[in-house]
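Here is a short briefing on a protein model for someone meeting it for the first time. Look over the chain, then read the points below.

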Amino acid sequence: MKEGAPPEVDFDSCLFSFGSCHAAEDDYECRVSVSLEILDLMQDEENKETAEKVLEILEEMIPGDENRSFASTVILPDDFITTPCTRSLAFLIHKVLSMPRASNFLKSILNVLAMSQNLDTSPQEDDASVDSTETEPTADVKSSRWRHLQQQQQQRISGRLRRSKRFALDSDSNESESPASQEGNSIETSPVDTPRSDVATIQPDIDPNKRTQIESNMQTAFQTDGPNTDVWEAKMRPPIVGGVELQLAQSQLTTEALLQPFLPPVSTAKAKQAEDSAILAEKKEKKKKHKKKNVPYAEHQVMLPSNFFRYPILDGSQLPGSEKFSTVYHSDVPEWFSFRLSSNATLDSITSSLSGIQIPIEPLMFVFNSAGNQFALLETVLCQSIFRSFVLHCKSQSVVNYENYQALMQRQFPRFTNFFVADSDESTDAPTSAESDFYKLSDLMSSFICTEQRYTRYMEQFIFFREDTERLADLVINVEQDLLYSIRYNITSSLEQLERLLVSLLGNTKDFLRERATILLNCLYDHHSWQLRQPFRPKVRCIGDAFSIEVTTNQTLPESVLNHLVFAVATPTSGNYKLFSYHVPTTFEESLIVELPSFKKAGYYDWTIGHMDPQGAEFIPITHSQEQDSEWSSLREQINETQGRFIVHPPVRKDVFHEVFVDIEGAVWDRIHGGAVRRFGTFATIQKALDDYSQNDGITTLYVMGALERSEFGRGHPFSPINRATPNRASGGEEQFLELLSEATKRGIRVIVDATARISIRSAHRKYRQLHCSTLDEFGMPRVTVATDGAEQVWKDCQQLNYRKQRNWELYVQDILQWAKLGVNGVRIESAHSCPLILRPNNIELERMDSDGQFHYELQEIMDGDIVLPSTNEAYSYGYFGTKAFERGYANPFFIKLTSTVWRSHPTFIFTGEVYWGR
């Protein structure tokens, strides 16, 4: 691997792991070819080896001097996950083309191309034994490759038909001459040795006038037979494309023109006699050279049902390696299949072209930054562009009956092809709705990004219209819209501003504002909007458990639903984003199943069931379906579970936890003068007891209480820290604590420490300055609010931090991350049942006007509720705990932010908590 690649490579990091590159020019265009090898690798099981191979291929495709980096004109580069470059955008295109819908579509297009090769080119000889004077294939047989696959299919059919009671072979057949029929009816096929004229020239011995009647009778028999009573019913199934069954039983494609390539043509008697003579002579010649001969189906004079070869697509499930692009299809794709990345592409420049498909770079960068959230939009744009060029290719090459292929693709993949109208040149070049959305992404982002200025406007409006419920409701809708667009494209600067706003609203006096803030904060930390309508019902798992999604239905779902049903899965990564993937479920009886690789790291693994919108540009969870009478909205009543979440923890099920207070471990007591402690314990004394804990008690996880830096010369209350991020110096400081961690690790013991939402009222570190709440004393002067749990407890040695300030949320997370960096294995959250506690604001004081008619307090102080009322029962009736969202089961957004942030960089970190009140 080249310099810059990470030591551990997987598909999750491939998109963002490319090394140094050159800056792109203002007027830049580059060509990205589609590599079938990369598409094959992406369809294999994702692992380090395949990911490394993908990177190697991309480095060969795009050398270092051609690898350019790009910067957006709308968003600062710092807002992107990483600065995108040519290689990462090429990887993105292949990643999207390997998605289930696009993969099936692409295989079907390549299959059609393989069958519609230009017959003007000289076909290579398939075998040295083929006579040089053999007749040229007719226009009905599109290519030698298609002919061979057709023969293989028909030979399998003929072998089954010999054992059919309903279809007796013609007495004039030459089956008795075939050694294959004498060896247990096993047929060994060798399409390379078969003269290419076999299928095209062998004619059935059937009166043309009786042809229609025979087909009708066989079709009737085929449809009326009961299960397992006939070979057709027991063995045959309709042809498929890319694994998706065709649903065109009564379609308009049942025409003589479309059937012609698959049903032997009827010739005149004179032509038939000449052809039979030629066939007989050829058979005798081949019988001398080969011990075994192939048995083309036409030798048996069997007329197939008219619906069997209705469509010019092979049953790919019968072919070896049918899931591989490069095995079944061409190793090289045509030039028009490549993509031209252009910095100057506009919506007006969309045209059909055989020199490559033009894609604008800047919208591609926004999809790149979405980490999969908006891959569906790009998938539709790419497939629509491919189909547009495919139609132009068919026209330019005068492909015979290409309209049939086109119609078939339109019926099988309507969302990728419904923009095209037959016999209309304008429909080929007119932009689709998906392409319009894609090209306008830059302008759209400018409209919905929450900047510092927009945050200020929101804050002013929430304060000035605080009594106008309708205006406040409209404001929330605008905030929600900004949030959803920022989530889709992972615009971090916008998300940071919106997080500040929503955390402040979590302490607003309006109940509906607090409820919406809870739901929107969940969406923000989830990096998707799936909980916008209803909360997840989570299930707890551990690292290494199987990642299996199974839902049951009340009844068998119709094929029209199953063919478009998709499971979207959001998995955690090491960055500030989630990776999205889309999966077609497996059906078993009345269950839908998706099997994924086992859980590799702690985090939140979310999934939902949905479908693509009619334009194919957006994934829509069925919980978000608006049409009350549509099959998708009604589907919510038929599926027992439409979305879900797995909360994955480190493997702790078999761990044995033990709590030890550092001050008393190994302490020396003054038993003569009343038992006071003469010498306190330290981290070193705990270290000395590790062998006893491990060998005699079987302890696997040690909770060290009092490890945080404390007041009163380090001997204050263990939950009254002055700095929550450093080891207590009076207990040995960082040096002894690191030694304790090292020795515990050697013995297989994990160490966890305290995490608390409060801070000491005296001698607190400067980073906590001006982050506390204030309460008016009897003289009307603001005083520091003492800490409380909002219901039962008051701790006068601690100050109550203001958790309407987003800075306090961030500081809590960063303090725990400091312990994780030291090597601590987890934390025990103190008073987790009321964390974070938000007190009611003293609006009378906050809204007080000075003599000049201006607010006495700054707008930000009013928004954050810096002056609060004395605590009453806020742990039950205010903040997150006083919302209907809490009652409905929405998660505490504070803990979602905390755990997901820590697990990104420390995926085995343990979270435990002190919880009361039935929570």
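A residue counts as buried when its relative accessible area is under 20%. By that cut-off, 54% of the 919 residues of the protein chain are buried. The model is predicted.

**Overall make-up**
- The protein chain has 35 helices and 30 strands.
- Take the contacts between residues at least 6 apart in sequence: 77% of them join residues at least 24 apart.

**Helix 4 against helix 14**
- Helix 4 covers residues 86-97, and helix 14 covers residues 375-396.
- Their axes lie 9 Å apart, at an angle of about 85°.
- Angles of 65 to 115 degrees count as roughly perpendicular, so helix 4 and helix 14 are roughly perpendicular to each other.
- Helix 4 brings Leu92, Ile93, Lys95, Val96 and Leu97 to the contact.
- Helix 14 meets them with Phe375, Leu378, Glu379, Leu382 and Ile386.
- Eight residues of this contact are nonpolar, two are charged and no residue is polar.

**Isoleucine 386**
- Isoleucine 386 sits in helix 14.
- Is isoleucine 386 buried or exposed? Its relative accessibility is 0%, so it counts as buried.
- Leaving aside residues up to four places away in sequence, isoleucine 386 touches Leu97, Phe105, Leu106, Ile109, Trp336, Phe337, Phe339 and Ile357.
- One of these, tryptophan 336, is 50 residues away along the chain, yet the two C-alpha atoms are separated by 8.3 Å.

**Helix 13 against helix 19**
- Helix 13 spans residues 361-369, and helix 19 spans residues 441-448.
- The two axes come within 8 Å and cross at roughly 55°.
- On the helix 13 side, the contact is made by Glu362, Pro363, Phe366 and Val367.
- On the helix 19 side, Leu441, Ser442 and Met445 take part.
- By class, the contact divides into five nonpolar residues, one polar and one charged.

**Cavities**
- How many cavities of 30 Å³ or more does the structure hold? There are 10.
- The lining of the largest cavity comprises eight nonpolar, four polar and three charged residues.

Key
Residues are numbered from 1 along each chain as its sequence is written. This is a predicted model: local features need pLDDT of at least 70, side-chain atom pairs count only at pLDDT 80 or more; totals for chains, interfaces and linings use all residues. Side-chain values use heavy atoms; hydrogens and water are left out. Axes are lines fitted to C-alpha atoms, for helices over the stretch in contact, and angles run from 0 to 180 degrees between N-to-C directions. Helices (H or I, at least four residues) and strands (E, at least two) are DSSP runs, numbered from the N terminus. Contact means heavy atoms within 4.5 Å. Ala, Val, Leu, Ile, Met, Phe, Trp, Tyr, Cys and Pro count as nonpolar, Asp, Glu, Lys and Arg as charged, and the others, Gly among them, as polar. On a 1 Å grid over the protein atoms alone, a cavity is a set of points where a 1.4 Å probe fits but cannot get out, and a pocket is an open set with protein on both sides within 12 Å along at least five of seven lines; lining residues have an atom within 4 Å of a point. Grid points are joined across faces, edges and corners, and a volume is the space filled by probe spheres set on the points. Buried means under 20% relative accessible area, exposed over 50%, partly exposed in between (1.4 Å probe, protein chains only). Angles under 35 degrees count as roughly parallel, over 145 as roughly antiparallel, 65 to 115 as roughly perpendicular and the rest as oblique.
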